[in-house]
Amino acid sequence: MGIFYRARQFWRGLQARPTRQGMAEAQEVLSPELYTLFARLQPSELAHTVNVFRSVREQSDDPDLWAAALLHDVGKVVVPLGVWEKVFIVLVRRLGFERFFDRFNRGALDARPTGFARGLVVAERHPGWGAQLAHQAGAGQTVVRLIRRHQDPLPPDPESREDRLLAILKTADNEN
């Protein structure tokens, strides 16, 4: 995808807000504990995850996939990012400097990042954080694994149920 496509997608996303209908749909899918966790996301992230959920719902009636779609970015509540940090992440990724993520991602998963690399750390670690939070809030193992893996590369030929669900989730996430 081109830089202009990503820039337009990014700016639309920053301005996005969840609708009452979207929040009601999420509440129907998630348990009260998981909905409470979901509702902690920033407004633009709520709108994004509802859009991802709607996309996956068109392709599958699997409740684990629906929950994972709504919760895939919930690890971002651990360290909420500002606009400039989100811009920095997009630029670093777009310019091909992702190899520097490894340098900033050393250390324990529970360590809270600081400094200019904070956004990079959150971008890379939020799947693990989100999986932990979802597990603590009572999510099933498939949901937890989908959240943890949502940024991982897919195997070449997804054969397991989980890999097929992950492929749907990743496509919807990238499109929204």
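This is a predicted model: local features need pLDDT of at least 70, side-chain atom pairs count only at pLDDT 80 or more; totals for chains, interfaces and linings use all residues.
Residues are numbered from 1 along each chain as its sequence is written, and side-chain values use heavy atoms, with hydrogens and water left out.

Helix 5 spans residues 63-71; helices here are DSSP runs (H or I, at least four residues), numbered from the N terminus. Within helix 5, the residues Leu65, Ala67, Ala68, Ala69, Leu70 and Leu71 are buried, where buried means under 20% relative accessible area, exposed over 50% and partly exposed in between (1.4 Å probe, protein chains only). The elements covering these buried residues include helix 2 (20-29), helix 3 (32-38), helix 4 (43-59), helix 9 (141-149) and helix 10 (161-175). At the N-terminal end, helix 5 is capped by Asp62, which has a side-chain oxygen 2.8 Å from the backbone nitrogen of Asp64.

The largest nonpolar core has 35 residues. A nonpolar core is a set of buried Ala, Val, Leu, Ile, Met, Phe, Trp, Tyr and Cys residues joined through side-chain atoms within 4.5 Å. The members that touch the most other members are Leu30, Phe38, Val56, Leu70, Leu71, Val143 and Leu169. At least two residues of this core come from each of helix 2, helix 3, helix 4, helix 5, helix 8 (118-136), helix 9 and helix 10. The most is given by helix 5, with 6 residues. In soluble globular proteins, nonpolar side chains tend to be buried together. Beyond its neighbours within four places in sequence, Leu70 is in contact (heavy atoms within 4.5 Å) with Ala26, Val29, Leu30, Phe38, Leu41, Thr49, Val50 and Phe53. A second, separate core has 5 residues, among them Val79, Leu81, Val121 and Val122.

The structure holds 2 aromatic pairs. Rings of Phe, Tyr and Trp (its six-membered ring) pair if their centres lie within 6.5 Å, and planes under 30 degrees apart count as stacked, over 60 as edge-to-face and the rest as tilted. The pair of Tyr35 and Phe38 is tilted, because the ring centres are 5.7 Å apart and the planes are at 45°. Both residues lie in helix 3, 3 residues apart, about one turn of the helix. Tyr35 counts as buried at 16% relative accessibility, and Phe38 is buried with a relative accessible area of 0%. The pair of Phe53 and Trp66 is edge-to-face, because the planes are at 85°, with the ring centres 5.8 Å apart. Phe53 lies in helix 4 and Trp66 in helix 5, so this pair ties together parts that are 13 residues apart in sequence. Phe53 is buried, with a relative accessible area of 1%, whereas Trp66 counts as partly exposed at 21% relative accessibility.

Leu37 also lies in helix 3 and counts as buried at 6% relative accessibility. Its contacts, leaving aside neighbours within four places in sequence, are Val74, Val77, Leu133, Ala134 and Ala137. Leu37 and Gly75 are 38 residues apart in sequence and 9.6 Å apart in space, C-alpha to C-alpha.

The whole structure contains 8 salt bridges, a salt bridge being a side-chain nitrogen of Lys or Arg within 4 Å of a carboxyl oxygen of Asp or Glu. Arg54 and Glu25 form one of these, at 2.9 Å, N to O. This pair links distant parts of the chain, with Arg54 in helix 4 and Glu25 in helix 2, 29 residues apart. Glu25 is buried, with a relative accessible area of 10%, and Arg54 is partly exposed, with 24%. Glu25 also forms a salt bridge with Arg57, the closest N and O atoms being 3.5 Å apart. A salt bridge of 2.5 Å, N to O, joins Arg145 and Glu162. Arg145 lies in helix 9 and Glu162 in helix 10, so the pair ties together parts that are 17 residues apart in sequence. Salt bridges that share partners join Arg145, Arg149, Glu162 and Asp163 into one network.

Note on methods. A polar contact is a pair of N or O atoms within 3.5 Å; within protein, one must be able to donate a hydrogen and the other to accept it, and residues adjacent in sequence count only if both atoms are side-chain atoms.
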